[in-house]
Amino acid sequence: MNKQNIWFLTLFSLIIVLSIYYVTMPSDIMIQSNEIETKETEKEVINEVEESTILVSLRIEAEEEYLKEIESLKSVLASNETSITEKNNAFEQIKSLSNIKGEQEKLEEKLTEAISSNVFVRIDGNQIKVVVDKKEHDTKLANQIMRLVQENYKNKMYITVKFQSSK
C-alpha cells in the first residue's frame with residue numbers, strides 16, 4: 001500500500017465514524033440547536049424596521065414608472081424599423097436609468113444608516129426628492145440630510161426633504 005491509499009482509508013474511516021456518531025446522536029441535542037436557531041431568526045425579524053405604507057407606495061410607484069420606461073426603451077431596441085442611432089440612444093437611456101436607480105439605492109442606504117429612519121429617494125435630473133418616515137418636522141435633520149446628499153455630487157443639486165408618516 002502506498003501513502004495515498006493509507007490517507008484515503010484514514011479519511012474515509014473518519015468520515016464513517018463521524019456520520020455514525022451524527023446519526024446515533026440523541027435527538028434532544030438536535031432539538032435544542034434548532035430552538036436556538038429559531039430564536040435567533042425571530043430576534044432578527046423583530047429588529048427589522050417596519051416601513052410606512054407611504055414609503056412603500058412611493059417605492060412601488062417609482063418601480064412601475066421605471067419598468068414602463070425600460071419596457072418602452074426595450075421595444076425600441078427590439079424593433080426592426082428603428083435606426084442604429086435610435087437604438088444606441090435607447091441603450092444609453094437604459095444605462096442611465098440603471099445608474100440613477102443605483103444612485104437612489106445608495107443614497108437611501110446611506111441616509112437610513114445616518115439618521116436611523118426609513119427614507120425614500122427620487123432623482124430626476126439635478127433634483128433630488130427625499131421623503132423621511134417621521135411625524136415631526138426637524139430643520140436640523142433636514143439640513144443634515146441635504147448635506148449628506150450633496151456631498152455625493154460635484155454639481156449643485158436641488159434637494160427637497162419631506163417628513164411624512166402614516167403611523
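I begin with strands E1 and E2, which run antiparallel and are joined by 6 bridges. Within the sheet, Arg122 stands opposite Lys129 in E2. Please bear in mind that this is a predicted model.

E2 (residues 127–133) is also joined to strand E3 (residues 158–164), here by 7 bridges, and these two strands run parallel. Between E2 and E3 the chain passes through helix H5 (residues 139–150), giving a β-α-β crossover that is right-handed. Val132 stands opposite Phe163 in E3.

Taken as a whole, the open sheet has 3 strands in the order E1-E2-E3, with mixed pairing. E1 (119–124) and E3 are the edge strands, each pairing on one side only. On average, neighbouring strands are turned by 15° against each other, direction ignored.

Which strands do the helices touch? H4 packs on the sheet against E1 and E2, its direction making about 145° with that of E1. H5 likewise packs on the sheet, touching E2 and E3, and its direction makes about 140° with that of E3.

Helix H3 (residues 53–78) packs with helix H4 (residues 84–115) at an angle of about 160°, and their axes lie 8 Å apart. The angle is over 145 degrees, so H3 is roughly antiparallel to H4. The crossing of H3 and H4 is left-handed. Residues making the contact include Tyr66, Ile70 and Leu73 of H3, and Phe91, Ile94 and Leu97 of H4. By class, the contact residues of H3 and H4 comprise 9 nonpolar, 2 polar and 8 charged.

Methods
Residues numbered from 1 in each chain as written. Predicted model: local features only at pLDDT ≥ 70, side-chain atom pairs only at ≥ 80, totals over all residues. Heavy atoms only, no water. Pairing = 2+ DSSP bridges. Helix = DSSP H or I, 4+ residues; strand = E, 2+ residues; numbered from the N terminus. Right-handed = clockwise from strand over helix to strand, strands pointing away. Axes fitted to C-alpha atoms, helices over the stretch in contact; angles between N-to-C directions. Parallel < 35°, antiparallel > 145°, perpendicular 65-115°, else oblique. Left-handed = near helix turned anticlockwise from the far one by under 90°. Contact = heavy atoms within 4.5 Å. Nonpolar A, V, L, I, M, F, W, Y, C, P; charged D, E, K, R; others polar.
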